[in-house]
Amino acid sequence: MSTPGLPSAFRRTALVLALATGSMPAFAQESTNQSADQSATQIASNQPVGDVVLIPNRVIYPGQTIELTALKRVTLIAGKHKPDGVVTRAEELDGKVAKRTLLPGRYIPSTAIREAWLVEQGASVQVFFIAGGLTISATAVTLQPGAAGDLVKVRNVDSGKILSGTVMADGTIQVSAS
């Protein structure tokens, strides 16, 4: 017989483990309706519907691309709210890369994912300098990886000079006058 007001042994153990590992468990129940019917106000246990979140259904290691098949949609238990900074939409996760290990049954913090690299470190890329009608192009080697819009350093193959430029959507680097 449990004492009213005290958490169950399972919840106590989960909270102790969460405090020890520095992560937070997603106290939730699996959503029985995967079509995200927002008009439903009751779930199987006749409790009011809570927030819907996505959690991994398997371990996702750093550097792995997140696929929708690796995620499970769950509805939080009534009264439980998702913490701030947690990713909840599939569009925010599909194709992103894990920056750290994502464990099954845990929330996915927005700080734990990143865009996929468009250029890898050590890759040969085209570098462009455009000013008015003047366009200068050169071949360079990237000194760091980057996604579209990131500022990366590259080394000019011919001169050996190190330049900083922005990764463009087509995988080229655009440098500006410094």
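How many strands make up the closed barrel, and in what order does the barrel run? The views below come from a predicted model, in which local features need pLDDT of at least 70 and side-chain atom pairs count only at pLDDT 80 or more, while totals for chains, interfaces and linings use all residues. Residues are numbered from 1 along each chain as its sequence is written, and side-chain values use heavy atoms, with hydrogens and water left out.

View A. The barrel has 5 strands in the order 6-7-8-9-10, with mixed pairing; strands are DSSP runs of E with at least two residues, helices are runs of H or I with at least four residues, and both are numbered from the N terminus. Two strands count as paired if DSSP finds at least two bridges between them. Neighbouring strands of this sheet are turned by 50 degrees against each other on average, direction ignored, where the axes are lines fitted to C-alpha atoms.

View B. Strand 6 (residues 124-131) pairs with strand 7 (residues 134-142) in the antiparallel sense over 8 bridges, and serine 124 has valine 141 of strand 7 as its bridge partner. In the hairpin of these strands, 2 residues lie between them, and glycine 132 takes a positive phi near 65 degrees. Strand 7 is joined to strand 8 by 3 bridges, again antiparallel, with threonine 142 partnered by valine 154 in strand 8. Strand 8 (residues 151-156) and strand 9 (residues 162-167) also run antiparallel, joined by 5 bridges, and leucine 151 stands opposite threonine 166 in strand 9.

**View C. Lysine 96 in its loop.** Lysine 96 lies in the loop between helix 2 (90-93) and strand 4 (97-98), and lysine 96 is buried, with a relative accessible area of 16%; buried means under 20% relative accessible area, computed with a 1.4 Å probe on protein chains only. Leaving aside neighbours within four places in sequence, its contacts (heavy atoms within 4.5 Å) are Gln64, Thr65, Ile66, Glu91, Ile113, Arg114 and Glu115.

**View D. Two nonpolar cores.** A nonpolar core is a set of buried Ala, Val, Leu, Ile, Met, Phe, Trp, Tyr and Cys residues joined through side-chain atoms within 4.5 Å. The largest has 12 residues, among them Leu54, Ile66, Leu71, Leu93 and Ile108. A second, separate core of 9 residues includes Val125, Ala140, Val167 and Ile173.

**View E. A charge over a ring.** Arginine 114 lies over the face of tryptophan 117, at 4.0 Å from the ring centre; this requires NZ of Lys or CZ of Arg within 6 Å of the ring centre and within 35 degrees of the ring normal.

Note on methods:
Axes fitted to C-alpha atoms, helices over the stretch in contact; angles between N-to-C directions. Buried < 20%, exposed > 50% of the residue type's maximum accessible area, 1.4 Å probe, protein only.
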